Amino acid sequence: MSDGFFYSYHLGWSRPDSESLFNDLDAAGLRLSHPVTRRVTLLGPGPGPHGTPSWVTREQLVLLAGLQRLDSVDFVLWTNSGTEVPARVRRMRDGVVALEFGFGRLTRDEQEVAARAIREAIGRASVLCIGFVVDREGASVATDWSGVVINGTTFFDSWPDTLAVRHEIAAMQPQLAGVASFDQSPWMLFGSEVPVR
């Protein structure tokens, strides 16, 4: 297993955005409810690597993940086989909201399914998604990816599998200069999603 992850950064986040995200993830194969128990799991502060689980309704989690009353919400998504994907929605500076998904318990095949599902879900709201990063092995987990994606001011030691940033960030971040990229408006893509020409 790895410390792999998928992080994306969004503007103008609200309850309808969380509902849309969960609907799109569900349609793409990552579900809020466990495939057997049908429970929706919210993670609260507590012992263990991910906190203390409690069960809520889908509607309660949609409301909480809209961040109208909280700055951060942790929960669990599930693959069809019942593997958990820890996730977090959290408010950051300057009105940006981060969506964070952990791939640590997933097999390589499950990582691909999860990455594709998340990519499809955030892509439907690409006007609000200002960028994302995918690192299946987690080698770059210690990097301040928000500083890279939002401001272009942070340097990174390890390349992720895929990095998507706005055009103006790509132009100002020196590590991205001269690196193969692909224009997929509204982002410039770097890494494994860049088509071979």
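Leaving aside its neighbours within four places in sequence, Ser146 touches Tyr9, Met92, Arg93 and Asn151 in this predicted model. Ser146 belongs to helix α4, which covers residues 145-151, and Ser146 counts as buried because its relative accessible area is 6%, which is under the 20% that sets the limit for buried residues.

**The chain as a whole**

- The secondary structure of the protein chain consists of 5 helices and 10 strands. The radius of gyration is 16 Å, close to the 16 Å that the globule rule gives for 197 residues, so the chain is as compact as a globular protein of that length.
- Along its principal axes, the C-alpha trace of the protein chain extends over about 50 × 35 × 30 Å.

- An open sheet is formed by 10 strands, which follow one another in the order β3-β2-β4-β5-β6-β1-β7-β8-β10-β9, and their pairing is antiparallel. The edge strands are β3 and β9, the latter made of residues 181-184, and each of these two pairs on one side only.
- On average, and with direction ignored, neighbouring strands of this sheet are turned by 25° against each other.
- In a regular strand, the side chains alternate between the two faces of the sheet.

**Strands β4, β5 and β6**

- Strand β4, which holds residues 72-78, pairs with strand β5, which holds residues 84-91, in the antiparallel sense over 7 bridges. On its other pairing, β5 is joined by 5 bridges to strand β6, residues 96-102, and these two strands also run antiparallel.
- Which residues stand opposite Arg88 of β5? In one direction Arg88 faces Asp74, and in β6 the bridge partner of Arg88 is Glu100.
- The hairpin of β4 and β5 has 5 residues between its strands, and within this hairpin Gly82 takes a positive phi near 95°.
- The hairpin of β5 and β6 has 4 residues between its strands, and the turn contains Asp94, whose phi is positive at about 55°. Asp94 is a residue other than glycine with a positive phi, and it counts as exposed because its relative accessibility is 66%, where exposed means over 50%.

**Helix α2 and what covers it**

- Helix α2 is followed by Leu67, a residue whose phi is positive, near 60°.

**Backbone features in two other loops**

- Arg38 is found in the loop between α1 and β2, and its phi is near 65°, which is a positive value in a residue other than glycine. Is Arg38 buried or exposed? Arg38 is exposed, because its relative accessible area of 55% is over the 50% used as the limit.
- The peptide bond that leads from Ser185 to Pro186 is cis, with an omega near 15°, and Pro186 itself lies in the loop between β9 and β10, the latter being residues 187-191.

Definitions and conventions
Residues are numbered from 1 along each chain as its sequence is written. This is a predicted model: local features need pLDDT of at least 70, side-chain atom pairs count only at pLDDT 80 or more; totals for chains, interfaces and linings use all residues. Side-chain values use heavy atoms; hydrogens and water are left out. Two strands pair if DSSP finds at least two bridges between them. The radius of gyration is taken over C-alpha atoms; the globule rule is 2.2 Å times the number of residues to the power 0.38. Axes are lines fitted to C-alpha atoms, for helices over the stretch in contact, and angles run from 0 to 180 degrees between N-to-C directions. Buried means under 20% relative accessible area, exposed over 50%, partly exposed in between (1.4 Å probe, protein chains only). Contact means heavy atoms within 4.5 Å.
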